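Welcome! Please take a look at the model below, and then we can walk through some of its features together.

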Amino acid sequence: MNQNDNHAVSKPVSSPRDLVPDTLDLAERGAMAINGMLGSLNPQLDYECAFLNILDVHPAYMLHWSSMVSGVMPKYIEALPMLRVMSGSQQDLDLEQGFFESILRNMAEDGLIYDRALESRPWNVGVGYGVRDWNEDYANMAGNGRGLAGLLFCYQISGDPVWLQRARRTAERMLELAIVEDDMAWYPNTGCGNDFSYPRLSGWTTRLPPQRPNEGFEGGAMFYQLQPLRGFTRYYTTTGDERFLELSRKFARLGLQEKFWEGAGDMNPVAGAERGHFKLHFHASMAGIRGMLDYALAANDYAAREWAHNAYLFARHTGIQRLGLFPTADGFTEGCSIADMIGMAIALTDGGMGDYWDDVEMYARNGLIEVQASDMEELQRVSTEGKERPPYAPWGGRFDFRFNTPNNKGVLPNQEIHDRVLERTIGAFGHLIGARYQTPMMMHCCTANGSQGLYYAWEGILRREGNGVAVNLWLNRRSPWADVWSFLPHEGRLEIRNKTAAHLSIRQPAWAQRSRIRCTLNGQAVSPEWRGNRILFEGLRGGERITVEAPLPAQTVRLTLVNISDPHNSREHYEIEFRGHTAMQVKLLSLGKEESGSNSQQDERVLYRLFRREVMQAAEPPLKPTPAYVHPEKLVKWTV
C-alpha cells in the first residue's frame with residue numbers, strides 16, 4: 001500500500017449555511033487523531049503500530065518496539081469507533097480495514113492478541129520490555145482487557161453479533177487464565193514480554209501474585225491487574241454474565257490491598273492507602289483506579305466507589321489542575337494521564353459522586369489539546385532545528401530510548417520508519433514538559449488513550465435525556481437533537497439551536513455568576529427557571545434559538561506545578577492568565593533546581609512550544625460555515 005496516496009488530514013465537509021464560531025471543536029480534533037493513530041501503522045509489517053515518533057532530528061523517524069501489538073493496539077480497537085462517530089472523518093479507511101483484519105487474524109487461535117516471535121520482528125522482546133533471551137509469543141493481559149472493551153464498542157456501533165462472539169472468546173480465555181485463590185484473582189508476572197503477559201507456548205511459569213506496588217515496567221502493578229476490569233465489567237453489563245462481575249470483584253480485592261498504595265507521604269501510610277492516595281507513576285496508577293471505579297459502578301460496591309473517588313480528589317490536587325497537567329516521576333505529563341482524569345471526572349459525575357464537569361472542561365481546553373500535535377509548521381521547525389541523522393544511524397533523538405535505557409538491543413533491521421513522518425504525526429499524542437513544551441517525541445500509547453479523552457469530553461458536551469437535552473459543557477457540538485456553539489474564550493456566550501428537544505437544561509459553569517447570566521429565546525429576553533446549577537427551558541417545539549450569556553472573567557494567578565512523585569520538592573512556578581476555563585497566557589516564573597540549566601538553548605529550540613494562543617485574544621471569535629456532519633443517534637457508550 002502506498003502511504004503517499006490520499007493521506008491528508010481530513011475534516012468533515014462544510015457547505016454554505018449559517019456561520020458559527022470557529023472555536024475549539026473536539027470533533028475536528030478527533031479527525032486529527034485518526035490521522036495520528038492510523039499514521040502510526042506499518043502496512044508492510046501487517047499493520048503493526050510504531051511506538052515512538054522521534055521528531056528532534058531531520059528527517060524525523062518512527063520506531064517499532066516490544067509489546068505494541070498486545071499492549072497498545074488493543075486500545076486502538078477502543079478508540080477507532082469513537083473517533084469515527086464523533087468526527088465523521090472517512091480518512092484512511094483502507095488502513096483501518098487492514099488494521100482490523102490483522103488483529104482478527106492474530107486473535108483467531110484463542111481470542112487473545114499476541115506479540116509474536118517472528119523473524120520480521122526482532123524487537124519482539126528486549127526492546128524496552130521483557131527478558132531479552134525469552135522470545136516467544138505473548139499476550140499482555142492488561143492490553144487484552146482493553147481490547148475486550150473495544151470489541152464491545154464495535155458491537156455497540158455496528159449491532160453485528162459477530163463482534164459479541166469475538167468478545168466472548170476473548171472474555172472466556174481471560175477468565176480461564178486468571179489465577180483465583182480464595183477471594184482474590186490475578187495474572188502472574190512471568191517476565192516474558194511486557195510484564196504480566198501470558199506466554200503462548202510456556203504458559204504460566206509462576207502462579208505468584210504481584211508482590212510490590214511498583215512491579216512492572218510501567219511502575220505500578222495495578223496498571224496490569226486492574227485494567228482488565230475495564231473489559232470484564234463491560235462484558236458483564238452487555239451480557240449479564242455474572243462470572244465476570246465476580247471475577248472483577250476478586251481482582252478488586254487484590255487491588256485494594258494497602259501494600260499497593262502506601263507511600264504518598266501526606267498522612268499515615270495506611271490511612272493514605274485506604275483513601276487511594278498514591279505516589280507511583282501517575283498513569284500507571286490512574287489506569288488501574290479507573291478499572292476499580294468501573295467495577296465499583298457495575299457492582300454497586302460503594303466502598304470501592306468511594307475509594308476511587310478519593311483517589312481522584314487526591315490526584316486533582318497535584319500538577320496544575322486548572323491546566324489539566326499531572327506530571328509524574330520524570331516530570332512529564334503524559335497524554336494518557338490527562339485522558340484518565342477526564343474519564344474519571346465524567347464517570348464519577350455519572351455515578352452520582354459529584355459534579356466534575358468544570359474539571360472536564362478545564363482539562364479539555366488546556367492540557368488535552370496541548371498534548372496533541374496539531375501544528376505542522378511547529379513540527380517542521382522542531383525537526384529542522386535538530387541534527388541531520390541518516391536512517392539507522394547508531395545515535396538518535398533525545399527520546400530514542402535505544403541509546404539511553406538499559407533494556408535494549410540497539411538498532412535493529414526494519415525497526416525505523418521514515419516515510420512522511422511529520423505528516424503522520426499530526427493528531428498524535430505525547431508528553432508535556434511542564435507547561436512549556438511538548439517533548440519532541442510522540443508515544444502511541446498516549447495517542448490511543450489521549451484520543452479517547454477527546455471522545456469522553458465530546459460525548460459529555462450534551463446528552464439526550466428522554467425527549468430533552470442536557471448541555472454539560474460550553475463547547476461546540478452538532479447533534480441530531482440540538483447544536484451547541486460556544487463563543488469562548490472570546491465571549492461568555494453559548495448558542496443552542498434546538499432541533500427536536502422538548503426541554504433543555506444548561507449547566508452554569510463555575511466561572512459564571514448566576515445573577516449576571518442573561519438568556520434569550522428566539523431573540524427575546526427570557527427568565528427561565530433554575531434547578532440547582534441548571535438553567536431550564538421547557539415547552540420547546542423544535543427550531544428555537546437559545547442564547548445564554550455571562551460576563552467572562554479574566555484572572556491572573558500564580559500556581560506551582562506539583563509532581564505527584566516528589567510533591568515536597570515541586571519548584572516549577574507559573575503565572576497564568578485565565579479567561580473562564582481557558583489559559584490565555586502561561587509564563588514560567590522559576591524552575592526547580594533539578595531542571596535549571598538542564599535544557600541548553602539548542603535543546604529548547606527542538607521542543608514544540610505550548611500555549612501559543614494569540615488568535616484567542618480577539619474580542620470576537622472568527623466564524624466558519626456550519627460543519628455539514630451530524631453524528632448518528634447511536635454513540636459509543638463508554639461508561640459502565
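How many cavities of 30 Å³ or more are there? The count comes to four.

## Before we start

This is a predicted model, in which local features need pLDDT of at least 70 and side-chain atom pairs count only at pLDDT 80 or more, while totals for chains, interfaces and linings use all residues. Residues are numbered from 1 along each chain as its sequence is written, and side-chain values use heavy atoms, with hydrogens and water left out.

The search runs on a 1 Å grid over the protein atoms alone: a cavity is a set of points where a 1.4 Å probe fits but cannot get out, a pocket is an open set with protein on both sides within 12 Å along at least five of seven lines, and lining residues have an atom within 4 Å of a point. Grid points are joined across faces, edges and corners, and a volume is the space filled by probe spheres set on the points. The largest cavity holds about 70 Å³ of space. Its lining is made of Arg234, Arg290, Leu293, Asp294, Gly343, Met344, Ala347, Trp638, Thr639 and Val640. Helix H11 (282–299) and helix H13 (335–350) each give at least two residues to this lining. Helices (H or I, at least four residues) and strands (E, at least two) are DSSP runs, numbered from the N terminus.

The largest pocket has a volume of about 1000 Å³. It is lined by 45 residues, and the closest to its centre are Thr23, Leu24, Asp25, Glu28 and Arg29. At least two lining residues each come from helix H1 (26–38), helix H3 (73–87), helix H14 (357–370), strand S29 (608–609) and strand S30 (623–627). H1 gives the largest share of this lining, with four residues.

Let us turn to Arg146, which lies in helix H5 (residues 141–158). Is Arg146 buried or exposed? Arg146 counts as buried because its relative accessibility is 0%; buried means under 20% relative accessible area, exposed over 50%, and partly exposed in between (1.4 Å probe, protein chains only). Leaving aside neighbours within four places in sequence, Arg146 is in contact with Pro74, Lys75, Glu78, Gln227, Arg230, Asn449 and Gln452, where contact means heavy atoms within 4.5 Å. With Gln227, the side chain of Arg146 makes a side-chain polar contact of 2.7 Å. A polar contact is a pair of N or O atoms within 3.5 Å; within protein, one must be able to donate a hydrogen and the other to accept it, and residues adjacent in sequence count only if both atoms are side-chain atoms. Gly231 is 85 residues from Arg146 along the chain, yet their C-alpha atoms are separated by 5.7 Å.

Glu572 is found in strand S27 (residues 572–579). With 5% relative accessibility, Glu572 counts as buried. The side chain of Glu572 is joined to that of Arg436 by a polar contact of 3.5 Å.

## Strands side by side

Strands of a sheet pair through backbone hydrogen bonds, either parallel or antiparallel. Here, two strands pair if DSSP finds at least two bridges between them. Ser505 has Leu536 in S24 as its bridge partner.

Elsewhere, strand S21 (residues 518–521) pairs with strand S25 (residues 545–549) in the antiparallel sense over four bridges. S21 also pairs with strand S22 (residues 524–526), in the antiparallel sense over three bridges. The hairpin of S21 and S22 has two residues between the strands, and Asn522 takes a positive phi near 55° there.

## Details in the loops

The peptide bond from His58 to Pro59 is cis, with omega near 0°, and Pro59 sits in the loop between strand S5 (57–58) and strand S6 (61–63). The bond from Leu488 to Pro489 is also cis, with omega near 0°.

Asp46 is not a glycine, but has a positive phi of about 55°. Asp46 is partly exposed, with a relative accessible area of 24%. Asp182 has a positive phi near 55° as well, and counts as exposed at 77% relative accessibility.
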